[in-house]
Amino acid sequence: MTCQEMNIYLDRTGDSLLPAEAQEHLTRCSRCRNLYIRMGPMRQLTERGHLASSGIPPEILDDLKPVRPVPPGPVLALLYLIPVVIALALGVWMWGAGGWQAQAAVTRVALFGAICVAAALAGYSLSREMIPGSRRRIAVRPAAAVAVLVFVGVVAISFHRQYNIDLASISESCFLRGLEIAALTFLLGLGIARHGAWLDRAAAVRIIGLLAASSALLVLTTYCPVLNAAHVFGSHLAAVTVVIAASWLLGRVVR
Amino acid sequence: MRRYQEADRAAAESLMQALMPVLIRFFLSMPDGRLAADDLVQETLLRIHRARHTYRPGEPVLPWVYSIGRHVRVDHYRKLRRTVHHEEAVDPDILQARAISTQSEAEGSPDFDTLMNYLPESQREVLTMLKVLGMTVEEVARVTSSTTGAVKQKAHRAYDRLRSLLERPPAGPTAVGDES
């Protein structure tokens with residue numbers, strides 16, 4: 001057994017007996033033995049101080065009204081995706097679905113799959129953020145990074161069409177529409193999430209910003225028929241970057 | 001908890017009475033929470049009240065309570081940092097060597113509380129919950145809004161750092177363990 005393997009046994013709580021191989025390791029390794037012995041009386045740390053609490057804050061008993069518990073996590077995550085669905089419906093109604101029609105089936109699956117995964121992760125994160133002490137089974141950051149890489153990779157590989165049109169003005173239009181959609185999703189997201197715990201306001205605002213960014217990218221990819229990587233990176237992803245940066249800054253302000 | 005959500009006054013009182021020692025213990029276990037433990041408990045009880053609808057019946061209560069308490073402590077820590085920013089900055093390595101040296105002379109080796117202060121905040125928090133409050137890895141993950149894998153990683157890094165701190169003499173190179 002190595003010191004690294006011994007770490008697994010050090011994670012254990014309570015006074016459970018160590019297995020024979022761990023005990024044998026402790027007899028041979030002074031580093032682990034020293035650490036193990038020191039960690040034994042750590043529970044006594046809290047017994048050093050005596051503190052008489054001031055009692056129950058009067059505001060609690062004065063303001064006792066019945067409340068309805070929030071829905072289960074998966075239901076809450078789906079609720080938080082409602083702004084994205086509304087934004088998509090609005091985007092298709094106003095600007096059509098030219099992008100969806102112009103893309104090949106495989107590209108469509110990869111791009112929309114990546115965006116939907118990103119949006120679902122944002123909804124999941126928000127549902128976890130709004131319920132204190134909730135279990136997190138998914139490592140969101142690595143999964144989101146994979147989704148972003150898939151999107152960027154597919155665009156870089158398959159969006160090579162050249163157009164005899166003014167791409168700069170189209171890019172500007174897409175960029176502004178992306179910001180509009182993101183702003184709408186952000187406001188709707190704030191409205192839906194207002195009943196959550198809001199313990200870490202900065203984190204909540206940033207996650208709603210990620211939801212808004214996913215929504216903007218979803219709408220832009222659905223309606224924009226320009227299959228040119230420079231255009232997508234320069235306008236669609238630029239809008240996404242601005243939204244994420246703005247929500248990050250807003251998070252710092254509200255903290 | 002369910003009766004408290006239904007605005008039962010007796011249930012609210014008994015729940016708060018039961019939570020107060022739990023929260024006092026929680027804040028006393030954190031170095032930056034000891035001095036203001038009573039204020040932090042009061043603030044946590046208020047936040048528990050405001051967020052009582054976010055508790056879902058059937059879920060464990062303590063991770064929910066500790067999670068709220070953790071945010072109160074973090075907010076307190078941030079506020080404290082803003083108010084003491086003018087204090088003199090001291091090289092942590094010098095402080096560490098001084099503390100270890102002083103402790104070694106006095107007692108033969110530093111106490112664990114002293115060593116914990118030289119761990120990064122996130123590792124210290126995880127180790128305190130695991131070893132002082134006796135929480136499981138799963139409970140710590142719930143309270144710190146992370147995955148069990150991330151909690152284990154932080155704890156294992158803390159163990160490695162503590163091993164080094166415990167074996168390091170006041171001056172000179174780090175000794176090598178018997179086995180690793």
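The model is predicted.

Chain A has 12 helices and zero strands. Its pattern along the sequence is α-α-α-α-α-α-α-α-α-α-α-α. Chain A is more spread out than a compact globule, because its radius of gyration is 25 Å, whereas the globule rule gives 18 Å for 255 residues. Along the principal axes, the C-alpha atoms of chain A occupy a box of roughly 75 × 55 × 30 Å.

Two domains are assigned in chain A. Domain 1 spans residues 3-43, and domain 2 spans residues 73-254. The centres of domain 1 of chain A and domain 2 of chain A, taken over C-alpha atoms, lie 47 Å apart.

Burial and contact range were also computed for chain A. Of its 255 residues, 36% are buried. Among contacts in chain A with a separation of 6 or more, 84% link residues 24 or more positions apart.

The secondary structure of chain B consists of nine helices, with zero strands. In sequence order, chain B reads α-α-α-α-α-α-α-α-α. Chain B contains 180 residues, and 38% of them count as buried. For contacts in chain B between residues at least 6 apart in sequence, 53% connect residues at least 24 apart.

In summary, chain A comprises 12 helices and is divided into domain 1 and domain 2, while chain B comprises nine helices.

Notes:
Residues are numbered from 1 along each chain as its sequence is written. Chains are lettered from A and ligands numbered from 1 in the order in which they are written. This is a predicted model: local features need pLDDT of at least 70, side-chain atom pairs count only at pLDDT 80 or more; totals for chains, interfaces and linings use all residues. Helices (H or I, at least four residues) and strands (E, at least two) are DSSP runs, numbered from the N terminus. The radius of gyration is taken over C-alpha atoms; the globule rule is 2.2 Å times the number of residues to the power 0.38. A residue is buried if 20 or more other C-beta atoms lie within 10 Å of its own, exposed if 12 or fewer, and partly exposed in between; C-beta atoms are placed from the backbone. Two residues are in contact if their C-beta atoms, placed from the backbone, lie within 7 Å. Domain bounds come from an automatic or database domain assignment.
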